[in-house]
Amino acid sequence: MITWHDLYTVLTAVIPLYVAMILAYGSVRWWKIFSPDQCSGINRFVAIFAVPLLSFHFISTNNPYTINIRFIAADTLQKLIMLTLLTLWANFTRSGSLEWSITIFSLSTLPDTLVMGIPLLTAMYGEYSCSLMVQVVVLQCIIWNTVLLFLFEYRGAKILIMEQFPETAASIVSFKVHSDVVSLDGNDLLETDAEIGGDGKLHVTVRKSNASRRLLCCPSMTPRPSNITGAEIYSLDTTPRGSNFNHSDFYSVMGFSGGRPSNFGQSSRSQTPRPSNFEVSCGMASSPGLGYDPVTSGSYPSLNAEFSSSVANKTINKNHHIGGKSSSSHDANELHKFAWGSNGGSDQGAKEIRMIVPEPPQKAETKATGPRNIDFGGEEESERVKEVATGRNKLQCNSMAELNPKEAVETVPVKHMPPASVMTRLILIMVWRKLIRNPNTYSSLIGLIWALVAFRWNVAMPRIIQQSISILSDAGLGMAMFSLGLFMALQPKLIACGNSTATFAMAVRFLTGPAVMAIAAMAIGLRGDLLRVAIVQAALPQGIMPFVFAKEYSVHPAILSTGVIFGMLIALPITLVYYILLGL
């Protein structure tokens, strides 16, 4: 039976965390102590030093030889159950999607065990639960965050192939990724070279585009990602506006000088501003500032002539139509999409490009069937271009429009993907490059290695090193909550994804996750306090690392943001309810 003293002990351990969070929130919102740049610096300090050292401290001081196999098995089984169900849902139902599978997996199985779990569960069930939480932290940092990263990179690789090799993906036998490409999250402008080897198969090289390198060299020209949707929307203005699309600025950013280029067919590779995700909503309209439609009015005559000429050439491969960066805003839902055609022959990988600006939905169908349509060299290709022009082509993404099924549109799938071994190698390369740049990877692995050595041979850490680590790790917990408060204060809304979506996310976080954990724990045979600890830790607020990944890869960041912020606010009463009910 839970007593008032037990509740007071829990509140004593948890309330100070909320005090740090509220102080940080007030420092930005009410007292204006910190500017956004200063908040960014504090958050970076926490991410690079405070939290990794806090993680190292807990892992290195926990005896790995006393690991509770059944508890870890229950935690692992819960995640495997959710992963299996979501995989089946994504692949065998019409409503399923990879993006939603990743998001629901994050919400249901990856709680904030390090920052909230350790102090809360220690106060509830004693010091032994702290050891259990550290074991969960180790698995989460080393295994499950890596699995999550693998899913995100798989999605990025799939989008890359869908965009650039919709007809010939099955012929790809190798990917060579330059060392300056560290992720397929869509935040960098990428370009690809495809060469046909002696075996008649495609060998693809992925590198950063020259435009991306110029942007890195000139920070003042670095495009600012908009927070309107999950798609990467770049604007050089301080405020995104839909009607002031400047062609000179655009071509300058894309690496072309002297205004609009008249001939893209001579390039040896595609200049690929690949978005991390791309959406065409049924409500999107053409930009009022452009005043022309290249698809229907026959603009860009030199490009059209080159394109028709390449189609007429019988030695070329089928054209690949791929999507480029989209540009949209709240005020004017615009779309600027690019279609590349790659041809083989003597100039392998040569690319031709033209801009497609879709018409408003009420006019698109009329214009798409009008007498001024351009012949794209075949009925099948023509139909694909019509779909692009009328806004029916969509690569899965995560903008707020996607959350409304009425605005969803069908995906144009790739006929065949590359062999599984080729895809796996590409994804593993990208995952490895991300992991080696993550401080938490090193802190977790080094902490585990030191614990294995120290508890096996009773080796004590030199005091000078121990003190150097503890001086920052001791502040890690408070700084992590302070950083979360700064993050909350900088958000325009605490509930960024809408009330209905937030309700769904909270139900997944605080109901589905604990329910599946209870099933998994009882199936493994957990009873008593072990079962209670397993269920309560599954009802902790959303972990921060899944939100970081969701933000980087633009997969429902608004939902994960709400899960972190709003989930933290309601986590204390919800976990107390679980604590009381399970103690009856």
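Visitor: Is the crossing of α5 and α6 left-handed or right-handed?
Guide: Right-handed: that is how α5 passes α6 (the near helix is turned clockwise from the far one by less than a right angle). Helices are DSSP runs of H or I, at least four residues, and strands are runs of E, at least two, numbered from the N terminus. This is a predicted model, where local features need pLDDT of at least 70, side-chain atom pairs count only at pLDDT 80 or more, and totals for chains, interfaces and linings use all residues. Residues are numbered from 1 along each chain as its sequence is written, and side-chain values use heavy atoms, leaving out hydrogens and water.

Visitor: At what angle do α5 and α6 cross?
Guide: Roughly 160°, with the axes of α5 (residues 113-125) and α6 (residues 127-164) coming within 7 Å (axes are lines fitted to C-alpha atoms over the stretch in contact, with angles from 0 to 180 degrees between N-to-C directions). Therefore α5 is roughly antiparallel to α6 (over 145 degrees).

Visitor: Which α5 residues meet α6?
Guide: T113, L114, G117, I118, L121, T122 and Y125. Their partners in α6 include M133, V137 and Q140 (contact means heavy atoms within 4.5 Å). By class, this contact has 9 nonpolar, 5 polar and 1 charged (Cys and Tyr count as nonpolar, Gly as polar).

Visitor: New topic: which residues make the contact of α16 with α20?
Guide: M481, L484, F487 and M488 of α16, with S561, V564, I565, M568 and L569 of α20. That gives 8 nonpolar, 1 polar and no charged residues. Here α16 passes α20 in a left-handed crossing (anticlockwise instead).

Visitor: Where does pLDDT stay under 50?
Guide: Over residues 220-412. The protein averages a pLDDT of 74 (the predictor's confidence in each residue, from 0 to 100).

Visitor: What does UniProt annotate at residues 502-524?
Guide: The unreviewed entry lists that span under "transmembrane region", an annotation that may be inferred rather than shown by experiment. In the model, residues 502-524 are 100% helix and 0% strand, with end C-alpha atoms 32 Å apart.

Key:
Angles under 35 degrees count as roughly parallel, over 145 as roughly antiparallel, 65 to 115 as roughly perpendicular and the rest as oblique.
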